[in-house]
Amino acid sequence: TIESLFDLEKLGVVGHGNGGIVYKVQHLRNSSVYALKVLRFENENFHLRKKAVGEAEILKQVDSEFIVRCHGVFDSGGDTENGDLCFLMEYMEGGSLNDVLRVHGSLPENVISGVAKRVLEGLSYLHGLHIVHRDIKPSNLLINGQGEVKIADFGVSRVLAGTFDASEFCEGTCAYMSPERFDSDKWTESWCNGFAGDVWALGLALLECYMGHFPLLAPGKKPDWVTLMCAICFIERPEIPSTASSEFKSFIYRCLEKDWRRRGTVTELLRHPFVAKQNTGLVDSF
Ligand code: ATP
Ligand code: MG
């Protein structure tokens with residue numbers, strides 16, 4: 001275990017997110033490489049910070065090959081209410097699915113099927129612990145040096161989502177929000193079944209991998225809140241390109257079923273023919 005941030009040397013920046021910077025770091029003595037996510041909190045956000053510290057406790061209990069490991073949480077503020085919060089994570093050499101899409105444009109079905117299988121395994125583990133991820137999206141699905149996809153960032157980005165201005169908020173997190181989360185009645189009714197929201201977000205993320213852009217909006221469009229909400233709540237079924245196989249279409253439609261009660265569950269989807277025959281699940285196989 002790593003006792004102190006002073007044991008680590010920064011090798012470079014690997015990415016920026018909403019309110020945080022991710023560094024590649026190396027342990028000074030045993031030379032292991034990690035990713036260090038540094039979240040900056042301003043004074044007025046101390047309650048969010050407190051929440052993030054709480055969420056970090058959940059993170060430390062999680063132990064699955066389908067989820068990016070958290071090796072420790074460091075609180076540079078000590079007992080004070082501000083200062084940086086640092087998450088030491090498993091380093092994922094291949095970056096995020098978002099990075100992969102930026103390079104390759106889109107992904108073929110056989111690769112998407114492997115991604116789907118691993119993310120479903122990860123969600124099955126989390127849901128088994130009664131943990132809802134709530135922020136499944138391409139930038140939170142990371143790839144290691146072996147091409148294996150893992151889920152990252154649960155809890156942390158969820159807590160952070162409220163801290164930034166509306167446009168960033170929309171872009172970062174709301175785009176993958178399920179229709180029931182916009183409906184306060186249904187939301188109260190379904191709050192204990194937030195699991196269905198993770199399945200919706202997975203469906204959108206996988207369809208985005210296939211199409212190369214966010215599936216509910218025209219490519220290259222920067223959505224405002226209203227456009228996005230209308231797209232999520234009023235489009236009956238998103239258009240899937242006709243090149244897609246019927247298995248893929250059927251899988252995506254089970255994820256993007258608008259009524260959360262009728263949506264596919266993780267258990268059901270793991271048995272779906274689109275993923276059931278998949279065993280490699282590597283992203284570097286194309
Ligand atoms: P959000 O803040 O909404 O989560 P985001 O996911 O883009 O948005 P970060 O989680 O801060 O932001 O991650 C930024 C980028 O850093 C990612 O897209 C990814 O490329 C990289 N990254 C994050 N975690 C790791 C990691 N453990 N190993 C390697 N790269 C990572
Ligand atoms: Mg992230």
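**Around ligand 1**

Happy to! Gly-15, Gly-17, Ala-35, Met-92 and Ser-139 come nearest to ligand 1, out of 25 residues around it; a residue counts as near if its C-beta atom, placed from the backbone, lies within 6 Å. Before we go on, please note that this is a predicted model, where local features need pLDDT of at least 70, side-chain atom pairs count only at pLDDT 80 or more, and totals for chains, interfaces and linings use all residues. Residues are numbered from 1 along each chain as its sequence is written, while chains are lettered from A and ligands numbered from 1 in the order in which they are written.

By residue type, the shell around ligand 1 has twelve polar, nine nonpolar and four charged residues. Here Ala, Val, Leu, Ile, Met, Phe, Trp, Tyr, Cys and Pro count as nonpolar, Asp, Glu, Lys and Arg as charged, and the others, Gly among them, as polar.

Now to the sheet. Five strands make an open sheet in the order S1-S2-S3-S5-S4, and the pairing is antiparallel; two strands pair if DSSP finds at least two bridges between them. S1 and strand S4 (70–75) are at the edges with a single partner strand each, so one side of each has no neighbour in the sheet. On average, neighbouring strands of this sheet are turned by 25° against each other, direction ignored. That angle is taken between axes, which are lines fitted to C-alpha atoms (for helices over the stretch in contact), and angles run from 0 to 180 degrees between N-to-C directions.

Let's follow the strands one pair at a time. S1 and S2 run antiparallel and are joined by eight bridges. Gly-15 stands opposite Val-22 in S2. The hairpin of S1 and S2 has two residues between the strands, and Gly-19 in this hairpin takes a positive phi near 85°. S1 is hardly covered, as the count of buried residues among its ten residues is one. A residue is buried if 20 or more other C-beta atoms lie within 10 Å of its own, exposed if 12 or fewer, and partly exposed in between, with C-beta atoms placed from the backbone.

S2 and S3 also run antiparallel, with seven bridges joining them. Ile-21 has Val-38 in S3 as its bridge partner, and Val-22 stands opposite Lys-37 in S3. In regular strands, side chains alternate between the two faces of the sheet. The hairpin of S2 and S3 has five residues between the strands, and Ser-31 there takes a positive phi near 60°.

Lys-37 deserves a stop of its own. This residue lies in strand S3. Is Lys-37 buried or exposed? Lys-37 is buried, because 22 other C-beta atoms lie within 10 Å. Leaving aside its neighbours within four places in sequence, Lys-37 is in contact with Gly-20, Val-22, Cys-86, Phe-87 and Met-89; contact means that the C-beta atoms of two residues, placed from the backbone, lie within 7 Å. In UniProt, an unreviewed entry has the annotation "binding site" covering Lys-37. UniProt positions are given in the numbering used here, feature names are shortened, and annotations may be inferred rather than shown by experiment.

Ser-96 has Leu-142 in S7 as its bridge partner.

Finally, the whole chain. Its secondary structure comes to eleven helices and eight strands, and buried residues make up 38% of its 286 residues.

Terms used:
Helices (H or I, at least four residues) and strands (E, at least two) are DSSP runs, numbered from the N terminus.
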